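Good morning, and thank you for the time.

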Amino acid sequence: KHDIKNNLLTLSYLLNNEDQVEANKYLGQLVGKLNENDSHLQFSEHPIINAIFNEKVRNNKHIQFQIKCNCSRKIFIDDLHCNILITNLVDNAIEYLNSHEFLEKYIHCVIVEHKEFLVISIANPIASSFQYNQSMPTSKEDKINHGYGLSIIRSVVDLYDGNMTLEQKNNMFCINILLKR
């Protein structure tokens, strides 16, 4: 945690001093060199959502993403909370798909802002033998640092007096979230 904080402080310093070239170089060292020839897809007006999905689509070419996003540049949810929700939801789906064999690997993502509500829905195929259990342990070897995704998602949903439902039917797993302004 200290390394992450220190790296973010360094990046913040570079950006605050308008040294964008050095900030990009430093960021490239942190997350790996991004291919400058990669096109940047526009999924919505919201820059955080675009950044998240560009990274997920670029790094998971074996998965077909079907993304419908209808939200403004400035939605009511905090950018950090937006990032936490979407990355945890999509990462959980990606990790499940990567750990199972499917003829087609895809993730349906819907994010819709309507008046004082934000709806987020993420769905992916599941094995017919899959049974969701709230106390399911992580499948990763490092049990201490993993397995918190859904509880982190729930805590953000609670901050916005929201609702989260998990649905399993027709060999699909879907998480639906409704947040209130």
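What we see here is an open sheet of five strands, in the order β1-β2-β3-β5-β4, and its pairing is mixed. Please keep in mind that this is a predicted model. The two edge strands, each pairing on one side only, are β1, residues 64-70, and β4, residues 163-169. On average, neighbouring strands of the sheet are turned by 10 degrees against each other, with direction ignored.

In which sense do β1 and β2 pair? They pair in the parallel sense, over seven bridges, with β2 covering residues 106-114.

Let us now turn to the helices. Helix α3, residues 47-59, lies across β1 and β2 and runs at about 175 degrees to β1. Helix α5, residues 149-159, lies across β4 and β5, the latter being residues 172-180, and runs at about 140 degrees to β4.

Helix α5 also packs with helix α4, residues 79-98, at an angle of about 145 degrees, and the two axes are 9 Å apart. This crossing of α4 and α5 is left-handed. Which residues meet there? From α4 they include Ile84, Leu85 and Leu89, and from α5 they include Ile152, Ile153 and Val156. Sorted by class, the contact of α4 with α5 holds nine nonpolar residues, four polar residues and no charged ones.

Thank you for your attention.

Notes
Residues numbered from 1 in each chain as written. Predicted model: local features only at pLDDT ≥ 70, side-chain atom pairs only at ≥ 80, totals over all residues. Heavy atoms only, no water. Pairing = 2+ DSSP bridges. Helix = DSSP H or I, 4+ residues; strand = E, 2+ residues; numbered from the N terminus. Axes fitted to C-alpha atoms, helices over the stretch in contact; angles between N-to-C directions. Contact = heavy atoms within 4.5 Å. Left-handed = near helix turned anticlockwise from the far one by under 90°. Nonpolar A, V, L, I, M, F, W, Y, C, P; charged D, E, K, R; others polar.
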